[in-house]
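Q: I am new to this structure. Can you show me how to read it, step by step?
A: Gladly; here it is.

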Amino acid sequence: MSRARRFETGSLRNLSGDAMHRAAPAILVASGIIQYIGASIAVTLFAAATVGAVAWGRVAVGAGVMMIWRRPKIEWRALGLPALYGIALVTMNVLFYQAIARIPLGTAVALEFIGPVLLAAVIGRGWRILIGIVLAAAGVFMISWVGVDAAAPGVLAGIGFALAAGAAWAVYMWLGSKVAKTGSGPDSLAIGMTIGALLYLPLAIPSFGAILTSPKLLALMVAVGVFSSVVPYVLEVTILTRVPASTFALLNALYPATSLFVGMVLLRQFPSAGEVGGLALISIAVALVTFRPSGSGGRDSRRELGS
């Protein structure tokens, strides 16, 4: 058994279902902090290369690290699901980076959460879904028309990119629950990220050379890839193997607050009252549309998310 396999089986994956449920909030908060530290570093790289090149570099570094670590066995006839998973992931990252190049990090993350809310709304039903949709729409209004200056250059485009990233995120979450059920989540993640990086390679051509030729910038790019791609997604895929997809989606409501905190500390992006209000409304919407009473069981929760 390789070191990578021993590490995985000897850590998170050995936790019981109840233990994972208890640990999941802390794990996802840590994952969010690490991920958004990576995003904050990426923002500093936008001055040296195009946004698309930085987004591609994040995924390429992550894919390289994952392939070296996991050394997955590639089954050509079973590449469909990992490929779609990876393409959804890379598309989400590219769109998200376009958003944070134009609007604050916390605002972009809050708007991005509309995607998972709509996914739950399409698949689920009931009064919580309806209230969640209303709150999410109110949150978008608070951010887009009250919280930020829509007349400022690039802001409307940033809002659009964030919402599009949310749609890609919804697809990623749906596919991720299916990948987790195969029992080879990290391996599929490595393969999928590699396929996605190859598909989006043209984004790197115009300006990635500036990063490659600077040791400092290259080190920052590696940090972005590890912090934003490798660590968070491995943790998420591992959690999904033991926690129902609906519980995972509920815990994702912790991410907007995490991104807001990181944005304030590292990027000095202090939100307006409208942005904070919108973020709170969207977080509540996520909690509502993904909540399931304990008696409903994980099977129903997973079925409603399509897995």
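Q: How many residues of helix 5 are buried?
A: Start with the cut-off: a residue is buried when its relative accessible area is under 20%. In this predicted model, helix 5 is mostly covered, with eight of its eight residues buried. Among them are Leu105, Gly106 and Glu112.

Q: Which residues make the contact of helix 5 with helix 7?
A: Take the geometry before the residues. Helix 5 spans residues 105–112 and helix 7 spans residues 127–147. They pack at an angle of about 145 degrees, and their axes lie 10 Å apart. The crossing is left-handed. Helix 5 brings Thr107, Ala110 and Leu111 to the contact, while helix 7 brings Val140, Ile143 and Ser144. Sorted by class, four residues in this contact are nonpolar, two are polar and none is charged.

Q: Is Ser40 buried or exposed?
A: Compare its value with the cut-off. Ser40 has a relative accessible area of 4%, and buried means under 20%, so Ser40 is buried. Ser40 sits in helix 2, residues 17–45. Leaving out residues up to four places away in sequence, Ser40 touches Leu105, Val262, Leu266 and Leu267. Of these, Leu105 is one of the buried residues of helix 5.

Q: What share of the protein's 307 residues counts as buried?
A: Now step back to the whole chain. The share is 52%. The protein has 15 helices and zero strands. Its accessible surface comes to about 13,100 Å², with 70% belonging to carbon and sulfur atoms.

Q: What share of contacts joins residues at least 24 apart in sequence?
A: Count contacts between residues at least 6 apart in sequence: 88% of them join residues at least 24 apart.

Note on methods. Residues are numbered from 1 along each chain as its sequence is written. This is a predicted model: local features need pLDDT of at least 70, side-chain atom pairs count only at pLDDT 80 or more; totals for chains, interfaces and linings use all residues. Side-chain values use heavy atoms; hydrogens and water are left out. Axes are lines fitted to C-alpha atoms, for helices over the stretch in contact, and angles run from 0 to 180 degrees between N-to-C directions. Helices (H or I, at least four residues) and strands (E, at least two) are DSSP runs, numbered from the N terminus. A crossing is left-handed if the near helix is turned anticlockwise from the far one by less than a right angle, and right-handed if clockwise. Contact means heavy atoms within 4.5 Å. Ala, Val, Leu, Ile, Met, Phe, Trp, Tyr, Cys and Pro count as nonpolar, Asp, Glu, Lys and Arg as charged, and the others, Gly among them, as polar. Buried means under 20% relative accessible area, exposed over 50%, partly exposed in between (1.4 Å probe, protein chains only). Accessible areas come from the Shrake-Rupley method with a 1.4 Å probe; for residues, only the protein chains shown count as cover.
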